[in-house]
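These notebook entries record what I looked up in one protein model. I began with the terms needed to read it and then went region by region.

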Amino acid sequence: MAQPPAAGPPRRTLHIETYGCQMNVYDSQRMAELLAPLGYTQAENRDNADMVILNTCHIRERATEKVFSELGRLREIKEERAPAGRAMKIVVAGCVAQAEGAEILRRAPAVDLVIGPRSYHRLPELIARAARESGERLATDFAAEEKFDELPKTRHAEGVAAFLSIQEGCDKFCTFCVVPYTRGAEFSRSVASIIEEAEGLVAQGVRELTLLGQNVNAYHGAGPDGAEWSFARLLRRLARIEGLARLRYTTSHPLEMTDELIGLHGEEPKLMPYLHLPVQSGSDRILKAMNRKHDAGVYRSIVEKLRAARPDIALSTDLIVGFPGEKAADFEETLALVREIGFASAFSFKYSRRPGTPAAAMPGQVAEAEKTERLARLQKLLSEQQRAFNVAQIGRVLPVLVAGPGRKPGQAQGRSPYLQGVHFEARPEIGAETPVRIVGATMSSLTGVLA
Ligand code: 5AD
Ligand code: SF4
C-alpha cells in the first residue's frame, strides 16, 4: 500500500527583486538555488512571499535612498500580514548591503538579515539560524538517509562497553555538512539525567562508557547546582562513578578542545588515551572554505598540548579529499599534516555534494577521478600509519578490558586503551581489566598473552 505523504513543515515561498547588473541576476539565481533545499520555492508576487530578498545595486545615483523607500513599503506588507500569523522575512543583499549594512539595520528594523555578495555561501546557515531563533521549522529537502549524519544511539548494556548520548545537533555549519540542518541546534542533556543513566549502565555491568554527540565537547548542560557545566566538568564527575573503569567521547570539534579538557587528559586516569579529533584538511585555504573556524596551525598546537598533557595519547581523525577548489597543492598539505601528526586510525571520504549545503553550490567542484586518486593516496598513507601504530604495541603490556570469549577456544577478547581489538590466551573474565603482553599485530587487531 502506498504511504501517505509525511506531513512535514509547510513549504515556503521566496521572492527576489533584482536590481543592477548581470552579476546580480546571476547571484539571485544562486541564492534561489541555495535556498531551495531549505524548502523555499520562487514566487512571482512579493505580497504573499514568506521571504523577500532585495538584491541591490549601488551604482545608480540615490541607490541607497531607493532601497530605503522600498524597505518602507515592504515593512507595511510585513505589518499587515503579522496579525494573520504569516510572517514575512526581509533580506537585503547585494552591493548596498555590503556598503551600508549597519545603516540598514539601524534605520530599517523590519529587516531580518543583511548579507553582502561575499557571504552568499553562508545564506543557508544564516536562514537556518534565524529559523531556529524564531522556533520555526524548515522543510529541508535533505535525503532521509544521511550517512554522514549518523551516530550510534545510547545503547542498553549488553556488554562491558556502552554508548551514552549527552549532546545532539551542531552550531558549527561546516559548509559540506548537513548536520546543522538535519539535527538542528546544539542541545545538551542535563547533568543529572546523564549521571542517572551512566549509573544505571554501570549497575548493569558496564565498565566503559563512550559519551556521544555530534559536537560532544561543546557540551554545556545544566548542572544540579543551576550552573552550566563544561564538558570537562561533566567528565570529571562521571569519572567518580565507582565501578566505571573507562571513559571515551566522540565526536569532538578542535575549537572546543579547551585547556581544561586537554589538561584533564593528563589528570584523569579513567579518560582513555585515545581521541577522535576531525581535522578534514591540511590546507588553510580549504579549511577556510569549509568554515571550520580553525587552521592547520591551530590543530597542530592542540595536538602538541594534548601530547604534552598525555604523552601516550593516540589520535584518530576524519579527512575529506576533493572539497570544491581543492588543488593538488592543497591535497599535498593534507598529506603533509597527516605525515607530521601520525594517526592511529582515521576515516577518510571523497567530498560528496549534499544539496542545500553551501559547498554544493561552490565553484571548482573536483572531478570524480581526481577524488578517487587522492583518496587512494591518502588511504595508503593512513593504512601505513595504522599498521605502524599497531606494530609499535608489540612487546608492550596493555590493560585489556575483557568483553568475552575470543575467536578460538581458550581465547579471550577485549579492547586496548587505544580501541584496538585484542585476542589473547586466557579464560575470559568478562569486565576485568587484564594486563596483556602484545605479541602480534595486524592492520586491525592485536594478539597477546597474559602478562
Ligand atoms: N562529503 C564528504 N564527507 C563528509 N563528511 C560530512 N559531510 C561530508 C560530505 N558532504 C565527513 C566529515 C565528517 C564525517 C562524519 O563525515 O569528515 O567529520
Ligand atoms: Fe558537521 Fe561536525 Fe562541522 Fe558540525 S562540526 S557542521 S557536525 S562536520
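Entry 1. Terms and overall figures.
I took helices (H or I, at least four residues) and strands (E, at least two) as DSSP runs, numbered from the N terminus. I note at the outset that this is a predicted model. I looked up the secondary structure of the protein and found 12 helices and 18 strands. The C-alpha atoms fill a box of roughly 85 × 55 × 50 Å along the principal axes. Of the 451 residues in the protein, 52% are buried. I also looked up contacts between residues at least 6 apart in sequence, and 71% of them join residues at least 24 apart.

Entry 2. The loop between α9 and α10.
I went to lysine 293, which lies in the loop between α9 and α10. Lysine 293 is not a glycine, yet its phi is positive, at about 70 degrees.

I then looked up aspartate 295, which is placed in the loop between α9 (284-289) and α10 (296-309). Its relative accessibility is 33%, so I counted aspartate 295 as partly exposed. What does the side chain of aspartate 295 reach at 2.8 Å? I found the backbone nitrogen of valine 298 at that distance. With neighbours within four places in sequence left aside, aspartate 295 is in contact with Asp284 and Leu287. I also checked aspartate 295 against valine 279: the two are 16 residues apart in sequence, and their C-alpha atoms are 9.0 Å apart in space.

Entry 3. Serine 281.
I placed serine 281 in the loop between β11 (274-276) and α9. Is serine 281 buried or exposed? I recorded serine 281 as buried because its relative accessible area is 0%, and the limit for buried is under 20%. The side chain of serine 281 reaches the backbone nitrogen of serine 283 at 3.0 Å. Not counting residues up to four places away in sequence, serine 281 touches Ile286, Leu287, Met290, Leu319, Thr334 and Leu337. Leu287 was also on my list for aspartate 295.

Entry 4. The second largest pocket.
I looked up the second largest pocket, which holds about 340 Å³ of space. Its lining has 17 residues, and those closest to the centre are His121, Thr175, Lys288, Ala289 and Met362. Which element gives the most to this lining? I found that α9 does, with four residues. By class, I recorded seven nonpolar, five polar and five charged residues in the lining.

I found threonine 210 in strand β9 (residues 208-212). Threonine 210 is buried because its relative accessible area of 10% falls under the 20% limit. Beyond neighbours within four places in sequence, I listed its contacts as Ala162, Phe163, Leu164, Arg248, Tyr249 and Thr250.

I next looked up the largest nonpolar core, which has 66 residues; Leu211, Phe231 and Tyr249 touch the most other members. A second, separate core has 20 residues, including Met51, Leu113, Tyr120 and Tyr181. For leucine 211, with neighbours within four places in sequence again left aside, the contacts include Leu164, Ile166, Val216, Phe231, Leu234 and Tyr249.

Entry 5. Threonine 250 and threonine 251.
I checked the peptide bond that joins threonine 250 and threonine 251 and found it to be cis, with omega about 0 degrees. Threonine 251 is in the loop between β10 (246-250) and α8. Thr250 is among the contacts of threonine 210 and of leucine 211.

Entry 6. Lysine 270.
I placed lysine 270 in the loop between α8 (259-267) and β11. The side chain of lysine 270 reaches the backbone oxygen of leucine 244 at 2.8 Å. Not counting residues up to four places away in sequence, lysine 270 touches Ala239, Ile241, Leu244, Ala245, Arg246 and Leu247. I also compared lysine 270 with alanine 388, which is 118 residues away in sequence and 26 Å away in space, C-alpha to C-alpha.

Entry 7. Leucine 419.
I found leucine 419 in the loop between β15 (411-415) and β16 (421-425). Leucine 419 has a positive phi of about 70 degrees, although it is not a glycine.

Key. Residues are numbered from 1 along each chain as its sequence is written. Chains are lettered from A and ligands numbered from 1 in the order in which they are written. This is a predicted model: local features need pLDDT of at least 70, side-chain atom pairs count only at pLDDT 80 or more; totals for chains, interfaces and linings use all residues. Side-chain values use heavy atoms; hydrogens and water are left out. Buried means under 20% relative accessible area, exposed over 50%, partly exposed in between (1.4 Å probe, protein chains only). Contact means heavy atoms within 4.5 Å. A polar contact is a pair of N or O atoms within 3.5 Å; within protein, one must be able to donate a hydrogen and the other to accept it, and residues adjacent in sequence count only if both atoms are side-chain atoms. On a 1 Å grid over the protein atoms alone, a cavity is a set of points where a 1.4 Å probe fits but cannot get out, and a pocket is an open set with protein on both sides within 12 Å along at least five of seven lines; lining residues have an atom within 4 Å of a point. Grid points are joined across faces, edges and corners, and a volume is the space filled by probe spheres set on the points. Ala, Val, Leu, Ile, Met, Phe, Trp, Tyr, Cys and Pro count as nonpolar, Asp, Glu, Lys and Arg as charged, and the others, Gly among them, as polar. A nonpolar core is a set of buried Ala, Val, Leu, Ile, Met, Phe, Trp, Tyr and Cys residues joined through side-chain atoms within 4.5 Å.
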